[in-house]
Amino acid sequence: TVYPVYDTSISVICCTNDLPYLYHGHSFTQNGTYEVHLSTVHGCDSVVHLTLTILESPYAIISGITDICPGSSTSLSANGNGTFRWSTGATRSPITVNTPGWYVLTVTATNGCKAYDSVEVAHLPLPNVTISGSNSVCRGSELLLMASGAYSYNWNTGVMGPVLSVTPTQTTSYVVTGTSDRGCTATATHIVSVKAVPVANI
């Protein structure tokens, strides 16, 4: 039995970010026409004339703050030499996002080659702000409230810092806003009731 010897020609277009181009165990990184010798299942040599055309790929870079406080948003900017498309469907730059997760940018050059970049937007933890102190005080007496769980504190009375001295004359709500070292805020509320001073009968 006489088996045929194949002599074929193929043309391949490849983008630079897909290099090296692999063909039956051979690796190519340059434009040109290559002669690839292969063996058939019957042991006969076959010749493939491979013409490789390499196109320049664009670049894609995402910039922006990726760690955000819950309830806030961030701006992601696209950089690249082509048209933009985000995984959100947007085709502009920048985009504003407020949901944690991965965001992918695709940049497409005029020659059809593509480049990709991705970033993960994550939520920073909120401070766990608490207030300690008595929930009641005698009229005219001083009470100290202590806030904890944050980096800095701002009371609704205007006082800055973790300690608040109060002398309420009626039931009062004290609110402190705590800020973490990354700038995220949370609040805590402490209600203080006022007890009447007993009158002594003589």
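Colleague: Okay, which cysteine does C15 join in a disulfide?

Modeller: C15 is joined to C113, with 2.0 Å from S to S. Keep in mind that this is a predicted model.

Colleague: And what's the handedness of the link between C15 and C113?

Modeller: The link of C15 and C113 is left-handed, with -90° about the S-S bond.

Colleague: Is C113 buried or exposed?

Modeller: C113 is buried, at a relative accessible area of 1%.

Colleague: How many disulfides turn up in the whole structure?

Modeller: Two, if you search the whole structure. Besides C15 with C113, there's a disulfide between C69 and C184, again with S to S at 2.0 Å. The link of C69 and C184 is left-handed as well, with -95° about the S-S bond.

Colleague: What's the pairing if I number the bonded cysteines in sequence order?

Modeller: You get 1-3, 2-4. C14 is in no disulfide, and the nearest cysteine sulfur, that of C15, is 6.4 Å away. C14 counts as buried at 5% relative accessibility, whereas C138 is partly exposed at 32%.

Colleague: Switching to strands. What's the strand order in the open sheet that has β1 in it?

Modeller: The order is β1-β5-β4, three strands with mixed pairing. β1 (7-15) and β4 (32-39) stand at the edges with a single partner strand each, so one side of each has no neighbour in the sheet. From one strand to the next, the twist averages 30°.

Colleague: What holds strands together in a sheet, in general?

Modeller: Strands pair through backbone hydrogen bonds, either parallel or antiparallel.

Colleague: And in which sense do β4 and β5 pair?

Modeller: β4 and β5 (residues 45-55) are antiparallel, over eight bridges. If you want to find one on screen, look for T33, whose bridge partner in β5 is T51.

Colleague: What about the open sheet of four strands, which order does that have?

Modeller: There the order is β7-β12-β11-β9, and the pairing is mixed. β7 and β9 (83-86) are the edge strands, each pairing on one side only. β9 and β11 run antiparallel and are joined by four bridges; T83, for instance, has T108 in β11 as its bridge partner.

Colleague: Last one: what does P58 touch?

Modeller: Leaving out residues up to four places away in sequence, P58 touches N81, V107, A109, C113, K114 and A115. C113 in that list is the cysteine joined to C15. P58 itself lies in the loop between β5 and β6 (60-63), and it is buried, with a relative accessible area of 8%.

Colleague: How far is P58 from L126?

Modeller: Their C-alpha atoms are separated by 39 Å, and the two residues are 68 apart along the chain.

Key: Residues numbered from 1 in each chain as written. Predicted model: local features only at pLDDT ≥ 70, side-chain atom pairs only at ≥ 80, totals over all residues. Heavy atoms only, no water. Pairing = 2+ DSSP bridges. Helix = DSSP H or I, 4+ residues; strand = E, 2+ residues; numbered from the N terminus. Axes fitted to C-alpha atoms, helices over the stretch in contact; angles between N-to-C directions. Disulfide = S-S within 2.5 Å. Buried < 20%, exposed > 50% of the residue type's maximum accessible area, 1.4 Å probe, protein only. Contact = heavy atoms within 4.5 Å.
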